[in-house]
Amino acid sequence: MSDTSSSAQLNFKAAMRRFTSTICLITTELDGVRHGMAATAVQSVTADPPTILVCINQTASISQPLKLAGRFAVNMLHLSHAPLVPLFSGKLKGEERFAHGAWISLDGMPVLADAQAAFVCELKDVVHVTTHDVVLGQVLDARFMEDIAPLLYEDGKLVRSSAISETAA
């Protein structure tokens with residue numbers, strides 16, 4: 001890697017820390033075994049049909065099972081789920097991760113019963129981009145909590161959102 005591209009990569013990473021993203025747990029089940037990971041690269045694509053995209057490192061333990069299962073869930077975390085983030089980010093492996101949190105099966109996928117929002121998706125397409133897959137899923141089912149308090153990630157830390165007062169806007 002040249003000095004220019006190395007500098008560009010460092011600047012890219014530093015600039016990306018300025019993005020604030022909702023933290024989600026991406027889950028799937030294959031042959032009775034649950035798989036999951038924490039992710040911030042999650043975005044809606046279209047409302048008709050309802051479609052979500054998730055970016056997953058091709059070396060992540062969920063990568064192959066998700067593609068083979070052909071279905072997955074996106075569990076948007078609530079503030080109360082902060083303790084789950086390190087567990088699904090590598091502290092625990094495999095099924096151990098699911099010993100924490102209130103998990104239910106929704107359309108055959110592992111879903112947090114008290115998720116801020118949860119989407120069960122059917123895999124529609126996978127686009128390979130160097131080290132990652134952009135996974136497109138058509139939403140089959142969605143549920144949400146009335147209380148809006150998503151867990152966010154910003155500058156390497158867990159944060160919360162707060163409304164801007166109308167006088168400040």
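Start with the lining of the largest pocket: by class it holds 16 nonpolar, 8 polar and 4 charged residues. Here Ala, Val, Leu, Ile, Met, Phe, Trp, Tyr, Cys and Pro count as nonpolar, Asp, Glu, Lys and Arg as charged, and the others, Gly among them, as polar. Before you go on, note that this is a predicted model, in which local features need pLDDT of at least 70 and side-chain atom pairs count only at pLDDT 80 or more, while totals for chains, interfaces and linings use all residues. Residues are numbered from 1 along each chain as its sequence is written, and side-chain values use heavy atoms, with hydrogens and water left out.

**Stop 1: the largest pocket**

Select Met16, Ala39, Thr40, Ala41 and His132: of the 28 lining residues, these are the closest to the centre of the largest pocket. The space there comes to about 1000 Å³. A pocket, on a 1 Å grid over the protein atoms alone, is an open set of points where a 1.4 Å probe fits, with protein on both sides within 12 Å along at least five of seven lines; lining residues have an atom within 4 Å of a point. Grid points are joined across faces, edges and corners, and the volume is the space filled by probe spheres set on the points.

Next, colour helix H1 (3-16), strand E3 (33-39), strand E4 (42-47), strand E5 (50-57) and helix H3 (84-91), the elements that each give two or more residues to this lining. Helices (H or I, at least four residues) and strands (E, at least two) are DSSP runs, numbered from the N terminus. Which element gives the most to the lining of the largest pocket? That is E5, with 4 residues.

**Stop 2: the second largest pocket**

Now select Ser21, Thr22, Cys24, Thr40, Val42, Gln43, Ser44, Ile52, Val74, Met76 and Phe119, which line the second largest pocket. About 160 Å³ of space lies in it. Its lining divides into 6 nonpolar, 5 polar and no charged residues.

**Stop 3: strand E2 and its partners**

Move to strand E2 (residues 24-30), where 5 of the 7 residues are buried (under 20% relative accessible area, with a 1.4 Å probe and protein chains only). E2 pairs with E3 in the antiparallel sense over 7 bridges; two strands pair if DSSP finds at least two bridges between them. Pick Leu25 and you will see Ala38 of E3 opposite. The hairpin of E2 and E3 has 2 residues between the strands, and Asp31 takes a positive phi near 55° there. E2 also pairs with E6, antiparallel over 4 bridges, and Cys24 stands opposite Met76.

**Stop 4: the cysteines**

Stay on Cys24, which counts as buried at 3% relative accessibility. A disulfide is a pair of cysteine sulfur atoms within 2.5 Å, and the whole structure has 0 of them. For Cys55, the nearest cysteine sulfur is that of Cys24, 12 Å away.

**Stop 5: a three-stranded sheet**

Finally, show the open sheet of 3 strands in the order E1-E11-E12, with antiparallel pairing. Its edge strands are E1 (21-22) and E12 (157-159), each pairing on one side only. E1 and strand E11 (residues 152-154) share 2 bridges, and Tyr153 of E11 is the bridge partner of Ser21.

Terms used: Buried < 20%, exposed > 50% of the residue type's maximum accessible area, 1.4 Å probe, protein only.
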